[in-house]
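Hi everyone, thanks for coming. Let me put the sequence and the model up, and then we'll walk through a few spots together.

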Amino acid sequence: MPDYAFMNQRLFEGDEESVARLTEEALAVGRPALEVLRDGLIAAMRVVGEDFKYNRIFVPEVLLAARAMKAGMAVLQPLLTQSEGAASAGTIVMGTVKGDLHDIGKNLVGMMAEGAGFKIVDLGTNTSADEFIAAVREHDADLLGMSALLTTTMVYMKTVVDAMSDAGLGNVPICIGGAPITQEYANEIGAAGYAADAGSAVQLFKRLTAEGGEEVSASVGP
């Protein structure tokens with residue numbers, strides 16, 4: 001039986017080589033890919049998320065852990081895509097809005113959400129409403145996440161919210177975040193929720209998917 005506790009520790013410490021090797025070893029002794037994902041990778045990222053939420057660790061440590069998880073995922077991915085039981089927690093389309101090229105916060109949220117079992121479709125930066133809509137349709141997304149760092153670009157979030165509704169996708173919850181964003185702004189533009197940090201964002205995603213996309217009051221600060 002693989003020592004998942006040891007694997008969790010190596011991931012928590014950001015040891016990419018060890019996580020990849022331990023993932024391969026677990027598969028070599030016949031453990032199912034989904035078990036390795038759940039007990040070896042996601043379990044560790046859950047601890048990372050909790051520690052980050054309560055300021056026991058910070059962004060550099062989270063990034064290291066997320067990269068270690070990606071090293072394990074690279075080993076598991078071919079097997080997971082072949083598995084009928086490899087359903088994710090949900091699919092999230094994410095992007096920084098048009099006119100904004102900042103993506104550190106968005107990337108951190110994406111890595112944390114991926115660690116929680118979500119499938120992330122990252123559209124990168126400078127994303128238009130049409131690009132968001134096309135990706136939501138193509139991937140049958142459960143959620144749409146938008147970020148903005150500038151007050152001059154955050155207004156484009158309302159453009160996307162309106163365009164999604166006009167395109168018949170108003171049932172897809174939209175989550176927003178970024179330095180100038182507040183819960184009040186989310187309410188104003190009709191977004192389903194707001195999160196102030198990556199850990200809170202993952203909690204919000206889980207709540208929205210569990211509630212079937214119903215609008216929630218998400219004042220989820222640090």
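Let's start with Arg-10, which counts as buried because its relative accessibility is 15%; buried means under 20% relative accessible area, exposed over 50%, and partly exposed in between, with a 1.4 Å probe and protein chains only. Before I go on, this is a predicted model, where local features need pLDDT of at least 70, side-chain atom pairs count only at pLDDT 80 or more, and totals for chains, interfaces and linings use all residues. Residues are numbered from 1 along each chain as its sequence is written, and side-chain values use heavy atoms, with hydrogens and water left out.

Arg-10 sits in helix 1; helices here are DSSP runs of H or I, at least four residues, and strands are runs of E, at least two, numbered from the N terminus. Leaving out residues up to four places away in sequence, Arg-10 touches Asp-15, Ser-18, Val-19 and Leu-22, with contact meaning heavy atoms within 4.5 Å.

Now to the other end of our tour, helix 8, residues 156-166. Which of its residues are buried? They are Tyr-156, Met-157, Val-160, Val-161 and Met-164. These cover an arc of only 150° around the axis, so they lie on the same side of helix 8; the arc is that of the directions from the helix axis to the C-beta atoms. What do they pack against? Their partners are helix 6 (129-139), strand 3 (143-147), helix 7 (151-154), strand 4 (174-177) and helix 9 (183-189). After helix 8 comes Gly-168, with a positive phi near 80°.
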